[in-house]
Each structure stands twice: as structure tokens, then as C-alpha cells.
Amino acid sequence: MTKVLIAEDNAVNRELLRELLETRGYIVLEACDGQEALHMIELTQPDLLLLDIGMPVLDGFAVVRKIRENPRLAALPVVAVTAYAMQGDREKILNSQFDGYLSKPVNSRSLAEELDRLLSKRADQDVSQNQASGSQPSGKAQAAREG
Ligand code: MN
């Protein structure tokens, strides 16, 4: 089962995202500010993070920076969710270590497209890793066998 963490300080927005995600079969986790989001990531190891930009304690830019600085968390796909409508914000966000971007109000189709894009990319990586460690002996195992 795929776990998605919603980091969002607005309860109505959290509820909207939860409904859209649960309809599509995802397990939904919630955090109400940036600090709680980081804590929840460590605790629950979600497959993807939907990250509001405007949040108390730590905003979305600070959260994604801390995620990328932490080797245990750095590979987590992070999608910015923001109501900022000013020109240039999309570019700023996509240049700030986010993997994707959704503008509020989030519509079901855009959300589905971002999740499919980012989670299938991850699945492809899993498949290639499985193939690499499949029935063929790896170089390391071979070397060990040959002494
Ligand atoms: Mn907010």
C-alpha cells in the first residue's frame, strides 16, 4: 500500500486532499506544520509528501531543504502544494528541490497525474534494482565465490 503524507496547516485543505487520496486507494497521513512533517516522515516513511508552502514553524521551502540534506530522506518525492499565484512562483518552486507542483484548489486529475508520474518513476527504479539482484549472481557474489 502506498502511503502519502499531507503536510498542510489548513484543516479544510487537509480534508480535501485526504478524500481525493483515499478515493484512489492511498493510505493518508497528516501533519499540521513543517516540524511535524519532518517528524512524521522519520516515523512513518511515506512514499510521497504533499507539502504546503505556507505553514507555521517551518514553511515548505525549509522542509524540502531539510529533507534533501538528510541522506535517509533525500530520495522522498515531494510535491509542493500552494495557492501562491504570483508569476514566477512555479519556477521558484521547481528550482527549490521539489519534484512537482500543484496549485490550490487541488483538482483530482492534476493530483492523480502527479502521483502517477512520481510513484511510477519510483516503481521503475525498484524493478531495475530487483533485476540487478535477481537470479544472475552479482559481481560481488561472484567475486566472493571465486575467493
Ligand atoms: Mn498553509
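Which residue in β3 is the bridge partner of A7? It's L51, and that pair is a handy way into this predicted model. The protein chain has six helices and five strands (helices are DSSP runs of H or I with at least four residues, strands are runs of E with at least two, and both are numbered from the N terminus). Along the sequence, the pattern goes β-α-β-α-β-α-β-α-β-α-α.

**Before you start**

- Residue numbers start from 1 along each chain, following the sequence as written.
- Since this is a predicted model, local features need pLDDT of at least 70 and side-chain atom pairs count only at pLDDT 80 or more, while totals for chains, interfaces and linings use all residues.
- Two residues are in contact if their C-beta atoms, placed from the backbone, lie within 7 Å.
- Where pLDDT is low, the predicted coordinates should not be read in detail.

**The sheet**

- Five strands make an open sheet in the order β2-β1-β3-β4-β5, and the pairing is parallel. Strands count as paired if DSSP finds at least two bridges between them.
- At the edges sit β2 (27-31) and β5 (100-103), each pairing on one side only.
- From one strand to the next, the twist averages 20°.
- Helix α3 (residues 60-69) packs on this sheet and touches β1, β3 and β4 (78-82), with its direction at about 150° to that of β3. For such angles, axes are lines fitted to C-alpha atoms, for helices over the stretch in contact, and the values run from 0 to 180 degrees between N-to-C directions.
- Back to the opening pair: β1 (residues 3-7) and β3 (residues 48-52) run parallel and share four bridges.

**What's inside**

- Of the 147 residues in the protein chain, 27% count as buried. Buried here means 20 or more other C-beta atoms within 10 Å of the residue's own, exposed means 12 or fewer, and partly exposed is in between, with C-beta atoms placed from the backbone.
- The largest nonpolar core has 31 residues, and L5, A7, L49, L50, L51 and V79 have the most contacts inside it. A nonpolar core is a set of buried Ala, Val, Leu, Ile, Met, Phe, Trp, Tyr and Cys residues joined through C-beta atoms within 7 Å.
- At least two residues of this core come from each of β1, α1 (11-23), β2, α2, β3, α3, β4 and α5.
- Take L49: setting aside neighbours within four places in sequence, L49 is in contact with L5, A7, I41, L76 and V78.
- Among contacts between residues at least 6 apart in sequence, 57% join residues at least 24 apart.

- In α3, the buried residues are G60, V63, V64 and I67. Looking down the axis of α3, they fall within an arc of 95°, so they line one face of the helix; the arc is that of the directions from the helix axis to the C-beta atoms.
- The cover over the buried residues of α3 includes β1, α2, β3 and β4.
- In α2, the buried residues include G34, E36, A37, L38 and I41, and β1, β2, β3 and α3 are among the elements covering the buried residues of α2.

**Spots in the backbone and at the sheet edge**

- Q45 sits in the loop between α2 (34-44) and β3. Q45 isn't a glycine, yet its phi is positive at about 45°. Q45 is partly exposed, because 13 other C-beta atoms lie within 10 Å.
- V57, in the loop between β3 and α3, isn't a glycine either, and its phi is positive at about 70°. With 14 other C-beta atoms within 10 Å, V57 is partly exposed too.
- K104 and P105 are joined by a cis peptide bond, with omega about -5°. P105 is in the loop between β5 and α5 (108-132).
- S103 lies in β5 and counts as partly exposed, because 16 C-beta neighbours are inside 10 Å. Not counting residues up to four places away in sequence, S103 touches T82 and A83.
- S103 and R90 are 13 residues apart in sequence, and their C-alpha atoms are 9.0 Å apart in space.
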